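Q: Hey, I've just opened this one and I'm new to it. Can we walk through it together?

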Amino acid sequence: MPKAASRRRSRSSLERPLLSDTDGLRSEAAELSPRPDHPELHDPRDSNDYIGAYSEDIDHDENGNGNDSGDDDEYAHDYEHRTRRRVSFLDMVPSRRDKVSLGLIVIGLALFLPLTWALVLTANVRALGWFAPHPPLNALAITAFVLGIMPVQPPTPPAGIRAARLGVHQRVLLGIALPAMTIGTSCMYWNKHIHGAAHITTWHARFGIATFCWMWLQAAFGAASAWKGGAAFGGGMKAKAMYKYHRASGYALVALSLLTAVLAGGYSTWAISRGEQFVPLRIVAFGVGIPLVFVGLAMRVRPSKMKFT
Ligand code: HEM
């Protein structure tokens with residue numbers, strides 16, 4: 001038996017990469033039987049069309065570019081490393097860069113969300129009336145928005161993991177981010193209404209209302225391109241061709257929502273009125289936390305998933 005072939009055979013089943021890579025993917029797909037025993041992993045190979053779906057990702061991505069995977073050098077560089085470790089359920093950190101960026105996002109959110117809540121809860125909440133739920137709920141919405149995007153950022157995996165990632169994406173965004181954004185923004189709007197105050201008078205308010213409306217459109221567009229096989233866009237590859245617009249729009253939207261929060265926490269009359277003692281808190285939450293989230297998210301972007309030509 002040739003040396004290379006015997007080396008391949010002796011590799012333990014747990015050491016095989018489950019995600020797509022640029023090189024050697026077909027040979028890996030050919031190696032996929034018999035099914036290895038992964039106790040913690042919903043094995044995409046449970047699906048009968050696994051190898052077919054896997055190959056389909058390579059040959060017919062939504063951009064029609066012939067390869068939807070292994071799209072950054074670093075990912076390919078980490079290939080050897082990846083063969084030696086288990087692949088986690090959603091494989092959120094396929095490369096070293098993903099690990100660093102995930103760390104930045106987690107630290108950023110851990111500063112932003114609790115400190116925004118603290119800024120409100122340390123005030124006289126009762127006196128704040130309908131305004132009180134606005135910062136906490138909108139900060140929660142941004143947090144869920146960011147967390148919901150994270151699983152779908154790494155390169156396209158085999159069908160089973162891809163479906164699991166999309167499920168998380170939809171549940172977090174539709175189940176938490178959108179309702180929290182809707183209720184939080186409505187409370188703010190209602191608070192101004194019952195006090196007879198003028199609406200949309202600041203840059204925070206303008207960007208805020210734009211974020212709110214755009215988020216609903218974004219969700220509707222995503223659903224139209226994915227639900228019922230993307231029937232609303234003609235199904236199949238026609239619907240898949242819409243994904244890149246959804247991605248690009250999603251990144252612009254999340255950037256706008258982060259900027260909106262910075263304007264509120266950093267520059268709104270209410271935030272400033274909390275006084276000198278809350279300046280350090282506001283700097284850490286909105287001047288450190290949010291930029292960390294932004295950088296972390298940007299580092300995980302795969303530009304090759306958004307080719308428009
Ligand atoms: C992406 C998240 C957010 C969105 C979409 C948003 C949306 C809005 C909107 C639409 C208004 C204006 C309502 C009206 O004029 O009737 C508003 C006002 C306000 N928001 Fe937010 N908001 C967000 C996050 C925050 C955060 C995190 C804070 C606090 C740190 C905050 C504090 C305020 C304040 C103080 C006002 C009243 C002053 C103003 O109109 O600028 N907001 N927000």
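Predicted model: local features only at pLDDT ≥ 70, side-chain atom pairs only at ≥ 80, totals over all residues.

Q: OK. How many helices and strands are there in the protein chain?
A: The protein chain has 14 helices and zero strands. Reading from the N terminus, the elements go α-α-α-α-α-α-α-α-α-α-α-α-α-α.

Q: And what about contacts between residues at least 6 apart in sequence, what share join residues at least 24 apart?
A: That share is 75% in the protein chain.

Q: Let's switch to the ligand. How many residues surround it, and which are the closest?
A: There are 28 residues around the ligand, and the closest are Pro-135, Thr-202, Ala-205, Gly-208 and Ala-264.

Q: Which elements give two or more residues to that shell?
A: Those are α8 (134-149), α9 (159-194), α10 (203-226), α12 (243-267) and α13 (269-273).

Q: Which one gives the most?
A: That's α10, with six residues in the shell around the ligand.

Q: How do the shell residues divide into nonpolar, polar and charged?
A: You get 13 nonpolar, 14 polar and one charged.

Q: Back to α8 and α12, then. How do their axes cross?
A: The axes of α8 and α12 come within 11 Å and cross at roughly 150°. Angles over 145 degrees count as roughly antiparallel, so α8 is roughly antiparallel to α12. As for handedness, α8 passes α12 in a left-handed crossing.

Q: Which residues make the contact?
A: On the α8 side they are Pro-135, Ala-139, Ile-142, Phe-145, Val-146 and Ile-149. From α12 come Gly-250, Val-254, Ser-257, Leu-258, Ala-261 and Ala-264. By class, the contact of α8 with α12 has ten nonpolar, two polar and no charged residues.

Q: Nice. New pair: how close do the axes of α6 and α14 come, and at what angle do they cross?
A: Helix α6 covers residues 96-121 and helix α14 covers residues 279-299. Their axes come within 7 Å and cross at roughly 150°, so α6 and α14 are roughly antiparallel to each other.

Q: Is that crossing left-handed or right-handed?
A: Left-handed, as α6 passes α14. The contact of α6 with α14 has 21 nonpolar, five polar and one charged residues.

Conventions: Residues numbered from 1 in each chain as written. Near = placed C-beta within 6 Å. Helix = DSSP H or I, 4+ residues; strand = E, 2+ residues; numbered from the N terminus. Nonpolar A, V, L, I, M, F, W, Y, C, P; charged D, E, K, R; others polar. Axes fitted to C-alpha atoms, helices over the stretch in contact; angles between N-to-C directions. Parallel < 35°, antiparallel > 145°, perpendicular 65-115°, else oblique. Left-handed = near helix turned anticlockwise from the far one by under 90°. Contact = placed C-beta atoms within 7 Å.
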